[in-house]
Amino acid sequence: SSSSSSSSIGISREDDLPKPGEDEDSSPPRSLEKSDVEISFSRSGGAGGQNVNKVNTKVDMRLSLNGAVASGFLPMWVAARLRVLEKNRINSEDCLVVNSTKYRTQSKNIDDALEKMDDIIQSASVLKDVENVRARKKMEKSAKRANAKRLEQKKNASQKKKLRSGKGFN
């Protein structure tokens, strides 16, 4: 089943993620711009005294995955990977949603949300090299072997010391 192939913390293995087709471009999408997203504002909580009760500084940024694919900004395979990797950030309208309340001004929160969303998109578009996976497995195997050898030597040294103590020759 697919749930056994992903780890317990909910991060999917690279093998399970959608990949670009043979004829698709596998390069990552360009950087995200304000024109790509829908931005709305609301009142932010936290520090700021009376200011937070009066000014709408919280930024709610949405990127329609279908719209981004249709406009050519987002490759289909990246949108599919986002749906798997960021399923908790994607709403029922198939929009990737990011909030920012880090700063006390709208403009800084817009920049922060754009940066967050762009980081999410860029990390979803990174394809892990299969060779790296093989090399990692090879290293893990040799580390396991080295650990087994170390434990065997430890056991032998312990046996040797036991024999020296003279106990057992009564």
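Local features are reported where pLDDT is at least 70, side-chain atom pairs count only at pLDDT 80 or more, and totals for chains, interfaces and linings use all residues of the predicted model. Residues are numbered from 1 along each chain as its sequence is written, and side-chain values use heavy atoms, with hydrogens and water left out.

The chain contains six helices and three strands, where helices (H or I, at least four residues) and strands (E, at least two) are DSSP runs numbered from the N terminus. Starting at the N terminus, the order of elements is α-β-α-β-α-α-β-α-α. Contacts are defined by heavy atoms within 4.5 Å. Of the contacts between residues at least 6 apart in sequence, 64% join residues at least 24 apart. The accessible surface of the chain is about 12,100 Å², and carbon and sulfur atoms account for 50% of this surface; accessible areas come from the Shrake-Rupley method with a 1.4 Å probe, and for residues only the protein chains shown count as cover. Of the 170 residues, 26% count as buried, a class set at under 20% relative accessible area, with exposed over 50% and partly exposed in between (1.4 Å probe, protein chains only).

The largest nonpolar core has 24 residues. Such a core is a set of buried Ala, Val, Leu, Ile, Met, Phe, Trp, Tyr and Cys residues joined through side-chain atoms within 4.5 Å. Leu-63, Leu-74, Leu-82, Met-117 and Ile-121 touch the most other members. Two or more residues each come from strand S2 (58-64), helix H3 (65-70), helix H4 (76-85), strand S3 (95-100) and helix H5 (106-124). The highest contribution, seven residues, is that of H5. Beyond its neighbours within four places in sequence, Met-117 contacts Leu-32, Val-37, Met-61, Arg-62, Leu-63, Leu-96 and Val-98.

Asp-118 is located in helix H5. This residue is buried, with a relative accessible area of 14%. Apart from residues up to four places away in sequence, Asp-118 touches Arg-30, Ser-31 and Leu-32.

Ser-100 belongs to strand S3 and is buried, at a relative accessible area of 1%. The Ser-100 side chain forms polar contacts with the side chains of Asn-109, at 3.2 Å, and Asp-112, at 2.6 Å. A polar contact is a pair of N or O atoms within 3.5 Å; within protein, one must be able to donate a hydrogen and the other to accept it, and residues adjacent in sequence count only if both atoms are side-chain atoms. With residues up to four places away in sequence left out, the residues touched by Ser-100 include Thr-57, Lys-58, Val-59, Ala-113 and Lys-116.
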